[in-house]
Amino acid sequence: MYYDEILESILKDLKNPVNSMYLHEIKIKWKNFQKKTKDPHKVSNEILTGSLNEFINALSNKKYKYNSSTKNGFKPDSPIFSARYLDEVLTILVKRTKIIDNIGITWGYQSFSTNLKFNPQNLYVMGENPLFEQIYSKEILHLAQRMDFQFRITGKRNFKKFLIILPLLLFYTFKNLTEKDFITIEYYTKMAKSTFEKSKAIIITETLDDDFVPDLGNSPLDAIFILRKQFNSESGNVISLDVVNLLEEKIKEYLTERDEGTKEFLNTGIIE
C-alpha cells in the first residue's frame, strides 16, 4: 500500500525511458512480495521475512543506483530506497491482531490530536464560549482511536461536538537510524503521550548509525527493533526472522497489557 504509492507517484512523472523500465521491474518484484503476503492471517513470519529479503536483495541491484555518466538509475535519497516497504510488514502484523475491526480504530499515516485545552477569551464568558481547542500533529504511521467528544455547559441544552484522534501505537520506520532521527521522533512521541499517556511508540530500523546506541532510559520511546542486528557500516546480515517475531509479540503485548492496579493483590496476595 505505502510503497505502492511511492512507485506510482514516481512513475507518473518519470521521463527517463531507462528509469521507467527500471521502475517497472521494481514494481513487478514488489507485486511478487505482495502476492506471497496477501493474507495477513495465513502468511507465516518466515515467508513474510523471506519475501521481504528477496525484494530488498533485488532492489539492491547496482543498475538501479544512479550513474552520473549515463544519468540513469536513482539517487540514494530517492523514495524508492526508503524504508516504506517496512510499513507493509507492520500493516500485516497489526491486521493480524484484528484490532482494526474495532469501532473507531484507524490505521495508516495520519495525524493525532494534541494540545487539547479549554481556552475561553476570559473567565467571565466561560459559560457562553468555553472555546475548546486542539491542533493536529504531522502525519505519522500509527494506530488511532477516533472519538466524538461532546459537551455542554451545565444548564444549557445544546452540545458542542469535536473529533478527537487518540494515538495508540506509533511506528517510525528507518533504513538506518541516526541520532538526529532519534531526537526528532522523541519530540513527536512526547506530543502523543501528552494527549494519551498509554500510547506506545516503536522504532523499526534495518540498522543503527555507526557508534550510535540509543538510550531509552529517560526516553518517551518504548522499544527499538534493529532488523538486521547491525550497525550501518557492517554488511552481510539480512532482515532477521527472530526480530520480526519479537516485534509481533511486542505489538500484541502493548495491545493487551493491563494496568496492574492495587486491586490485583486480591488475586495474587502481592503488591509489587
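On a 1 Å grid over the protein atoms alone, a cavity is a set of points where a 1.4 Å probe fits but cannot get out, and lining residues have an atom within 4 Å of a point. The largest cavity has a volume of about 80 Å³, where volume means the space filled by probe spheres set on the points, with grid points joined across faces, edges and corners.

Which residues line the largest cavity? They are Leu48, Thr49, Leu52, Leu86, Val89, Leu90, Ile204, Leu227, Ile239, Val244 and Leu247. Two or more of the lining residues come from each of H3, helix H4 (84-96) and helix H6 (241-256). Sorted by class, the lining has 10 nonpolar residues, 1 polar residue and no charged residues. Here Ala, Val, Leu, Ile, Met, Phe, Trp, Tyr, Cys and Pro count as nonpolar, Asp, Glu, Lys and Arg as charged, and the others, Gly among them, as polar.

## An open space

Now for the pockets. A pocket is an open set of points with protein on both sides within 12 Å along at least five of seven lines. The largest pocket has a volume of about 370 Å³. Of the 18 residues lining the largest pocket, Ile56, Leu59, Ser60, Lys65 and Lys175 are the closest to its centre.

Which helix gives the most to the lining of the largest pocket? Helix H3 (residues 45-59) does, with 4 residues. By class, the lining of the largest pocket has 8 nonpolar, 5 polar and 5 charged residues.

## The whole chain

Let's step back to the chain. Its secondary structure comes to 7 helices and 7 strands, and along the sequence the pattern reads α-α-α-α-β-β-β-β-β-α-β-β-α-α. Helices (H or I, at least four residues) and strands (E, at least two) are DSSP runs, numbered from the N terminus. The C-alpha atoms fill a box of roughly 75 × 55 × 40 Å along the principal axes.

Of the 272 residues, 43% count as buried; buried means under 20% relative accessible area, exposed over 50%, and partly exposed in between (1.4 Å probe, protein chains only). A contact means heavy atoms within 4.5 Å. Among contacts between residues at least 6 apart in sequence, 62% join residues at least 24 apart.

## Strands side by side

Strand S6 (residues 200-208) is largely enclosed by the rest of the structure, because 9 of its 9 residues are buried. Strand S5 (residues 160-177) has 13 of its 18 residues buried, so S5 is also largely enclosed by the rest of the structure. Two strands pair if DSSP finds at least two bridges between them. S5 and S6 pair in the parallel sense over 8 bridges. Among the partners here, Leu170 is bridged to Ala201 in S6, and Leu177 stands opposite Leu208 in S6.

Each of these strands has another neighbour to look at. S5 is joined by 10 bridges to strand S4 (residues 140-151), and the two run antiparallel; Arg146 has Ile165 in S5 as its bridge partner. S6 is joined by 4 bridges to strand S7 (residues 223-226), and these run parallel. In S7, Phe225 is the bridge partner of Ile204, and Ile204 is also one of the residues lining the largest cavity.

In a regular strand the side chains alternate between the two faces of the sheet. Together, S5, helix H5 (residues 179-195) and S6 make a right-handed β-α-β unit. Right-handed means that, with the strands pointing away from the viewer, the path from the first strand over the helix to the second runs clockwise.

Is Asp87 buried or exposed? Asp87, found in helix H4, counts as buried because its relative accessibility is 0%. Leaving out residues up to four places away in sequence, Asp87 touches Tyr2, Tyr109, Leu141 and Thr173.

Asp211 lies in the loop between S6 and S7. At 77% relative accessibility, Asp211 counts as exposed. Asp211 and Glu179 are 32 residues apart in sequence and 9.9 Å apart in space, C-alpha to C-alpha.

## How to read the numbers

Residues are numbered from 1 along each chain as its sequence is written, and side-chain values use heavy atoms, with hydrogens and water left out. In this predicted model, local features need pLDDT of at least 70 and side-chain atom pairs count only at pLDDT 80 or more, while totals for chains, interfaces and linings use all residues.
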